[in-house]
Structures are given as C-alpha cells and as structure tokens.
Amino acid sequence: MKDLLTKNHPMSPNGQDAISKNNSYNLSLEEIIETRVSRRSVIKGSLAMVAGSFLGLNLSACGSNSNNSNALSPVAAAALLGFDPVAKNLNDMVTVPNGYSVQILYKLGDPINSFTSDYANDGSDTDFNNRAGDHHDGMSYFGMNKEGTAKDLTNSNRGLLCMNHENMTQIFMHTLAQNAAYDKTSRPSSQIDKEVSAHGVSIIEIQKGSSEFSINKNSLFNKRITAQTQMNIYGPVKNHDLVKTKYSTSGAKTRGTLNNCANGLTPWGTYLTCEENWAGYFKRPASNTLSDTKAQATQNRYMGSSASDGSYGWANSTTSDDIYDRWNIIPSGASQTEDYRNVANTFGWVVEIDPFSPTSTPRKRTALGRMGHEGAMPGIITSGKPLVYYMGDDSRGEYIYKYVSTLNWDEADLNGGLNAGDKYLDDGKLYVAKFNDDGSGQWLELSMNNTDVTSYTSYSFADLGDILVNARHAADAVKATPMDRPEWTGVHPNTGDIYITLTNNKDRGKTSGASSELDSVNPRYYTDDKNGKTSKGNVNGHIIRMQELGNDSSASAFNWDIYLFGAQADADKNVNISKLTDDNDFSSPDGLFFSQASKGLMWLQTDDGYYTDKTNCMMLAAIPGTYNDGKSTQIINKTVPSNTNADKIITTYVGAEASRTKLKRFLVGPKGCEITGITETPDGKAIFVNIQHPGENTSDLNNSANFESHWPDNGTSRPRSATIVITKNDGGIVGS
C-alpha cells in the first residue's frame, strides 16, 4: 500500500496508510555490536520446501550454494528470462512481452454466482457479499480434482483461487449523487454496508477451457468473506480480557477481517490472509483522554494519538445498530463487555481460511502477533522440525518478525485443515529481527521469558496475550531494528534464502524518530525530484536478503545482505547501487513471489508514487543469486539532516549487480494502479496477477474524460481492480 498520500487516496482521510507510530528511538545499527556471527555459513542437509502449488512437500537436496550466482544450474538459468524486457510506459493498459497473452478474469463487482446481476459499474450496485470486492491483492491457487469435489493440488486446469480485497476506491463505489452528498459524520447505512462488504477475501472456483479460464458460478465453494463475517479467535489471545467486547463477552470471537494485503500458505493446504492497515477504520478518542493508561499507550502506538471518525465514518451511521457501533472504540459502557473499546484489538492478525470447507469459520491466529501484517510466508519445511513463518510490519520504522511452532512438522497432517492449524499456529514463539552492522543478526524472543520485555518501562506487559496484542511495544522493548516499511516475504526454493521487500521511507535521514538514523541495513538518503516536487529519504526502497545459520529456519541467528536497490537508471552511483538499466529500473518494491514450477524465478511487483512521472507500476522477473554473492560497499549520502547536513558514509553488504540477463521488466500496468498479488498453476503455464486501484487519483466523476484510467473496460467506463491471467502463446512456462 502506498506511502504517498494524495487527497483521493483510499486511506487519506486520517492519514493512517503506512504512517509509523514508532517513537521508540531504538539504537541504530552502528550502536548494535553484540554477538558477532560469521557472515558465511554452509547450507546443509536435505531441505523440504512448501510448494507454492501445494504438491505436498517438495523434497530437494541442497549443497552449498554460496558461490553459485544464479542459485540454478546453468541449464535451468538459461531457460528463464527468455523474453524481451517491456519498456517503461504511461499507457492505460497492461503491457507484457511479445509472445504472451493477457486475459481479464475477475473484476470489481463481478458476480460469484448465477443469481447475482452483472455489475453496472455506475455506483448503483449492491450485494457485495455475492460480488468481487475491490482492491484485489495477495492470492493463492489451490488445485482441485476434475469433478470439482475435493483437493487435487497437482491440477492446473481446475482449482480454487483465494484472493484478498485490501481496500476500496470510495468514489467509484457510489453514484454521482451519493458522492456529492457525502458526509463522513453522517453515513447512510446502505452505503456503509456496501463498503464493508467490498473488503475481505474472495474464494472462486475457476476452470480452464480450450484456451482461457472462466469462473464456475455454480460452484458450492464460491464464497465472500468480508469485514462483517464472523471470525473465531484462536491461540494465546483467545478469551483474553483485551479482546472481550459487547459482541463476544468471552473474547472468543469477533466480526470481520479488514485491509487484507499480502497472504500466506500452509503445508496442509489452507489460506492465510493478513490484516495490514486496519487501524485507520475506527472512530477513536483524542490523546490522553482514556482513563486506562495501557489502553491509551496501545492506541498511540498503533493508531496515533489524535481523535478520528475513522477513514470512512463507518461508526457514524444514520441507522442505530450494533453492526455500526462496533467501529467506535471510544468507551461508553461500564466495562469492555458493554461497548467496543477493545474491538480494534481483534484486528491486525493472520487469519486462516480453509477454502475447501465453505461452511467453516475463519480463525484468527493470534500466536503470530498483532501488527500491520504484510504476509506470512513459510520458510524451509522439514519433517520433524518446527514450522516457521516470516512476516513484515508495513509502516516506516517497523520490524521484521518470524514465528516458530512448538510442535515439529508431521506429514500426517497434510490434510488436517484448520485442525492442523490449531496444532502448529496456536502454539509457538514469536521473534523479531535485530540486524548488526557486520552483516549478522539475531532473532529476539517476544515472551515473558525475556527480561528486556518484562522490565520495559514504557508499557507493562501482564502476560503472553498482552505481548501478542502489543507486539510492537514488545519489539520496541527488545530494541529490534526499525526498517523501511517491511512488506512481502519470499523464500527461495533452491537456496532457502529469505527475501523481504522494503518499499521506501521518507523519514530515513531526518533528525529524529526511530526510523530516521541511517544504518547498514537501511543505508540510503538522497533527493528525488518529480514534476517539481522534491522527496528525500530512501525514496525508491530496497530488498533485504537473509540466510538462517545452517539454513535452519528455527535458528536464533542469521546473516544478511541487500539483494537489490530500487532506483532510476540515470541516478547517481550512490543511489543506483545495483546498476539498474532502462530494462529493469524500478521504484518501491512491494509484492514478491517465487515460482515453484520454474524452481527459482522470482517475481517482483511495485507500488510506487515516486517514479510515476516516467512509468506506471510494474512487475519484474529475476534470477536472484545467493546470500553473499556481492561485496562490501560504501555509500556516500549527501547532506544528511541527521548528520547536521553533512555527508554520511555508510558501509553495507550488497548483492551482485543487476543485469539485463538476471532482472527484466515483464509487465507494466495501467494508469494509477498498483501491481500486487501473484500466484500460478502447478505447471507454471498460467500466472494470476492483480491490478489494484487503476485510476485511483481520479477526483472528478462528473466528466469521464477526467478519469485517470478507464481500464479494464475502456471507453468512458469507471476503472476497476481486476485479476488477470497471463499465459505464453507457445504453451510454455511463464517467464521462460
């Protein structure tokens, strides 16, 4: 989700999008010199990886790959990136290489059954419980048998597609008259209902015909899960005082999943949807007005200290009803069970959904911590060892986390469904990353066993449930390393290296704040000019690469380098450190996905507001190398405010330089969009990509000529978020 907020941005009404509340002033990396760990380690043993296509467990023996620049055999590497790179452009269309075709599969408002009418796309449509939501985002494909009755995770011709709907472009949801009368302090309930239901998750059955995929509108598996759907609370926070509300006085359930951005997978074939910028939706009191000082500290850390009606005023319905009151967290009753003061604590979690059990209730997995979740992607999976999930918290100055299950993985649970989730996702330990300036790092446990947590003076933790609800406070307590908006994570299927996108940070290099100080892992400060506007900080973002010691996902230490820096091709050498060219330069990396079919091809997607004078957002294909395939590098940052406007030289560890043969632009999207969310069929011959919020900067609906975009329907139509299918005309693996 974007860091740059325009007046028309979906989350701009109260500025919640990607705005850090981290004022912990944690130590910079130069100050963190504790346990030194060798920057080199050997990948050992036989590795078991989760296949993105869910082919059970993909067992692959890996020797040391430290000096293999492609992490692929020469034959395998030569078979990838065989396409000509797509040129940067500002066209209102999806551009892909010659030899590829694009199908538009699933658009905002499309019916998911045979009894819902086609979408009029003029703001008059309702019943989003039976239509595609907006802002399509993270997604996964689950193969099913040819009869359409059960799983067959090897099937590329029929399957269930699960996808997130992160947010909505509000003006396109309503008619001209409704937009003209819009008043956030007094909202018609019918409009709120539509907006609430446009969020959440879609599950749709798709089938491949002679050449294209189609939606089976008669499928019993088709389902919308929205911001109103009942959710069960599982894990250590279940029944905790901090999640008790008027709706659930026991603290065992809540309603809705919200602002679902990136996603995750389990080896037992369920879908993980992750709640990111949920904090901006709630009506909240002003700073220091709460009698409960801990509750005030929680609000300040996650939501900011100022009063707000919420992004869309959902608490301000003209109809008095509990389903609207629940968006108001201002205390009104005698206790937490008489109002919704705690309802925000029931958001910010990883939510598990079983797509093959349409009557099941989703479960919020609280052991994985509460934050602005950007995905939950599994690491190395080996029978007899714990399951591990990597997660980013997407705000400036926030942290990178991992979860390690208490139980070791047992392949007997491959078909365990949500009950397997109870075993592995409800009982484990949460860790946060601390990066050292020598290229090493530690995972710091967030529990009552850590004295840094229990002795923290800014917030007093009562128990593990309190720690998990307030994971950001706990990470502050252990002095984790503030990062430049940690987003999607991915694990290389051959090397086990972990990649995490850091989208950007306009605070980096400023004079104060937890995310201001330059350090080895967030090393750039520079000036970028666009259309007369100057931006400063880490404008274009970068991608961190981590390798667990011994390639053991549950290790307590890791090594790191910076795989790739975003930059314009013509930028200074201290900005374009990865030596990007016109064929592969990019800004603001966000989505990241490793193809299992091609065994090592990485897809990289952008959510940018800084380079959009030159090109729309894009998707690139890469053959990443391995950790430590580059060199130590000095970056000269010019006139840094935090260095009293003097130059500041940072030494960091940078991966091998990008080149046309290892990184190519594959796709450029339509105007105003973000490219986000990607999955593939098990054979890799079709990839699914989401085009989110095309035309989001539109402010005038009265004249269609003023729309920023008309994609995908073209003509004078309103733009719509949509899922596309990309195939290779010769029937080969996409990206080869």
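Biologist: How many disulfides does the count come to?

Modeller: This is a predicted model, in which local features need pLDDT of at least 70 and side-chain atom pairs count only at pLDDT 80 or more, while totals for chains, interfaces and linings use all residues. Residues are numbered from 1 along each chain as its sequence is written, and side-chain values use heavy atoms, with hydrogens and water left out. A disulfide is a pair of cysteine sulfur atoms within 2.5 Å. By this rule, the count is zero.

Biologist: Which cysteine sulfur is closest to that of Cys-274?

Modeller: Cys-274 is buried, with a relative accessible area of 0%; buried means under 20% relative accessible area, exposed over 50%, and partly exposed in between, with a 1.4 Å probe and protein chains only. The closest cysteine sulfur lies 8.8 Å away, which is too far for a bond. That sulfur belongs to Cys-261.

Biologist: What share of the residues in the protein chain is buried?

Modeller: The secondary structure comes to ten helices and 36 strands. Helices (H or I, at least four residues) and strands (E, at least two) are DSSP runs, numbered from the N terminus. Of the 736 residues in the protein chain, the buried share is 66%.

Biologist: Why is helix H4 (residues 189-197) largely enclosed, and which elements are included in its cover?

Modeller: Helix H4 is largely enclosed by the rest of the structure because seven of its nine residues are buried. Among these buried residues are Gln-191, Ile-192 and Val-196. The cover, where contact means heavy atoms within 4.5 Å, includes helix H2 (170-173), helix H3 (176-180), strand S8 (223-225) and helix H6 (322-325).

Biologist: Which residue in S23 stands opposite Gly-490?

Modeller: Strand S22 (residues 486-491) is mostly covered, as six of its six residues are buried. Four bridges join S22 to strand S23 (residues 498-502), and the two run antiparallel; two strands pair if DSSP finds at least two bridges between them. They form a hairpin with six residues between them, and Gly-496 in the turn has a positive phi of about 80 degrees. Opposite Gly-490 stands Tyr-499.

Biologist: Which strands stand at the edges of the open sheet of four strands?

Modeller: The order in this sheet is S3-S36-S35-S34, with antiparallel pairing. Each edge strand has a single partner strand, so one side of each is left without a neighbour in the sheet. The edge strands are S3 (100-107) and S34 (674-680).

Biologist: What is the bridge partner of Ile-104 in S36?

Modeller: Strand S36 (residues 722-728) runs antiparallel to S3. Seven bridges join these two strands. The bridge partner of Ile-104 is Ile-724.
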